[in-house]
Amino acid sequence: MKKDLICISCPNGCRLSAELLPDGAVTVTGNACPRGEAFAQTELTHPMRSLTTTVRTAFPEMPVLPVRTKGEIPKEMIWTVMGSLSAFVLDKKVRCGDVVIDDVAGTGCSIIATLDL
Ligand code: SF4
């Protein structure tokens with residue numbers, strides 16, 4: 001499988017050409033540093049993403065709170081996590097950086113607040 005990618009590991013945005021070989025190895029060209037190779041390898045074998053969104057709250061003065069994943073989650077879990085978040089209502093005050101949901105949807109990743117509530 002061949003894929004053209006843009007490395008998102010830094011603002012340079014190198015254009016990568018990557019190929020997943022039958023033996024599982026990944027060849028990469030176009031990267032200006034080793035991080036691009038690591039990015040392409042992850043992207044072709046088990047892509048990960050961070051997620052930024054909002055959750056509903058029980059507080060009329062701020063009915064939605066911006067949140068994000070503390071790390072990255074498997075790309076294929078994004079809609080599962082979004083479904084879990086859409087059914088969630090935050091009923092306690094939190095500060096920026098506090099964990100809002102631990103181990104969201106069994107990903108092992110926390111959802112944290114990105115604003116004080
Ligand atoms: S390959 Fe290296 S220099 Fe290029 S975008 Fe990725 S991290 Fe930045």
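Guide: Within α1, the residues G36, F39, A40, E43 and L44 are buried. They sit on the same side of α1, because they cover an arc of only 120 degrees around the axis. That arc is taken from the directions from the helix axis to the C-beta atoms. Buried means that 20 or more other C-beta atoms lie within 10 Å of the residue's own; exposed means 12 or fewer, and partly exposed is in between, with C-beta atoms placed from the backbone. An α-helix has 3.6 residues a turn, so residues three or four places apart point the same way. On the other side of α1, P34 and T45 are exposed.

The model is predicted: local features need pLDDT of at least 70, side-chain atom pairs count only at pLDDT 80 or more, and totals for chains, interfaces and linings use all residues. Residues are numbered from 1 along each chain as its sequence is written. Helices (H or I, at least four residues) and strands (E, at least two) are DSSP runs, numbered from the N terminus.

Now the length. The 12 residues of α1 should span 16 Å at 1.5 Å a residue, and the end C-alpha atoms are 17 Å apart, which agrees. The expected span is 1.5 Å times one less than the number of residues.

What do the buried residues of α1 pack against? They pack against β1 (2–6), β2 (15–20) and β3 (26–29). Contact here requires C-beta atoms, placed from the backbone, within 7 Å.

Take E43. It lies in α1, which covers residues 34–45. E43 counts as buried because 20 other C-beta atoms lie within 10 Å. G83 is 40 residues from E43 along the chain, and their C-alpha atoms are separated by 23 Å.

Next, the ligand. Its surrounding residues include R35, G36 and F39, along with N31, A32 and C33.

Finally, the wider chain. It is divided into domain 1 (2–45) and domain 2 (52–113). These bounds come from an automatic or database domain assignment. The C-alpha centres of the two domains lie 30 Å apart.

Methods. Near = placed C-beta within 6 Å. Contact = placed C-beta atoms within 7 Å.
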